[in-house]
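Dear colleague,

Here is the structure you asked for.

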Amino acid sequence: MAVFPLPQLEDNAVLLPSSQTNSTQPQLCDVWRDIQGAHNWNGLLDPMVPNLKAEALRYGNLAQLCYDAFDGKSYSKNYGTCYHSKRDLFNKMGMSESGYQVTKYVYANTNLLNQVFGEKPKDQGVWLGFIAVCTDPNEIRRLGRRDIVIAWRGTQTAEEWIEDLRDILVPTRLSYRCKRTGKNQEHHFADGVLIERGFLSCYTSTVRHRQGAAGATVNISTRDLVVSEIERLIQVYEKEMDNLSITFTGHSLGAALATLSAYDIKQMLCTKHNFHQIPVTVFAFASPRVGNLAFAKRVEEIGVKVLRFVNKRDVVPKVPGVCMNENVGCLSKLLHWLPWTYFHVGFELPLHNNSPFIQHTHNLAYFHNLELYLHLLDGYVGSKQPFSWSGRDHALVNKSCDLLREKYEIPPKWWQEQNKGLVKGPDGKWTQPSEEE
């Protein structure tokens, strides 16, 4: 394992002593509802309290894990899957002490143009993330509750880019099973809610899903997979209802899907007795706009708390709705019915590129990088405060880009799978392992 040199901080960076960051703040277990947005993070963002920063970074790391564990190599026989099983995911990715257990993998079918782009079709869809629940007693005590987390990765395949660009607003048409009648019905509170076509298509796409020990497969939508698993987990932990939370996180496309699925899950909870009080929170990184004004209002009305982290030089949070959005004012509200008038949801925390570790660049794609987001968040104190490095490994910034200054001697784009996934067999030959291996 290579040892990278410890960075030398410049004059405009500050390193806060651990006693200053931890000794005066309350325990997370005592304030977790505030950290999850119960009071819209009032007084917690500027300056940012250490508890909130630590939790946002923790959820951001889960979103980053979805990138690191995704097999996006077109030449791989396991293309479109996760490198690791649900049981081994956190251990293999160096997060064995997370306290969470993965209960379900989430797949989506974006196989619309595979003939054009040469994408390999996957009957079960492409892996987008996971659902996990906190099971470690020590972590539950630290958090102050049992937490269910749903993490989504961002765009990785050519077809997902196509979905991102389908930026016409369309009705949601999401239905919820009525407990009294047992029938699916569209509720009136969805009237007027419009969602970006590509995000909705990805969320409602149908995949082949394996069920039961016999391995039988059924057709199921991504949305139904998520909703059914959340319903199951809530029933398992129904006795802990007063100390249960559901947290969504994601980056880019994943942030949009996190927002959409959080809205959907909260709508479902509102139809079930005593479930509506479960807090639903989104920690979104580099999220594009997801829906129209009615969607933004409905998200607020039902109590979904969304905290969006935005790099001010990242263009993705500015789309879709470049011309008609919440910044236009009265005109956008008058024309909210148009299929390209978008509104951001929740609360925005702008991140400035004021890190002394980062070199100047004109590569706009780098400003969208999730590891850069987490680096800037780690050094964020307040809107008018200098970057204050809190100790997050700066080498992570260069995992998939080239942003660190040369003096730190971190090679660009250094994150890669050992031997590109090939393994040497008993016969001495290098081959790709099967998915079962």
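Aspartate 68 and lysine 399 form a salt bridge, with their closest N and O atoms 2.6 Å apart (a salt bridge is a side-chain nitrogen of Lys or Arg within 4 Å of a carboxyl oxygen of Asp or Glu). Aspartate 68 lies in helix α3 and lysine 399 in the loop between α13 and β14 (423-424), so the pair ties together parts 331 residues apart in sequence. Aspartate 68 is buried at 12% relative accessibility, and lysine 399 is buried at 7% (buried means under 20% relative accessible area, exposed over 50%, partly exposed in between, with a 1.4 Å probe and protein chains only).

This is a predicted model: local features need pLDDT of at least 70, side-chain atom pairs count only at pLDDT 80 or more, and totals for chains, interfaces and linings use all residues. Residues are numbered from 1 along each chain as its sequence is written, and side-chain values use heavy atoms, leaving out hydrogens and water.

The salt bridge count is 17. Another joins aspartate 264 to arginine 223 at 2.7 Å, N to O. Aspartate 264 is in helix α10 (residues 253-270) and arginine 223 in helix α9 (residues 222-236), so this pair links parts 41 residues apart in sequence (helices are DSSP runs of H or I, at least four residues, and strands runs of E, at least two, numbered from the N terminus). Aspartate 264 is buried at 0%, as is arginine 223 at 9%.

In helix α3, residues including Lys53, Leu57 and Tyr67 meet α13 residues, among them Leu370 and Asp378 (contact means heavy atoms within 4.5 Å).

Regards
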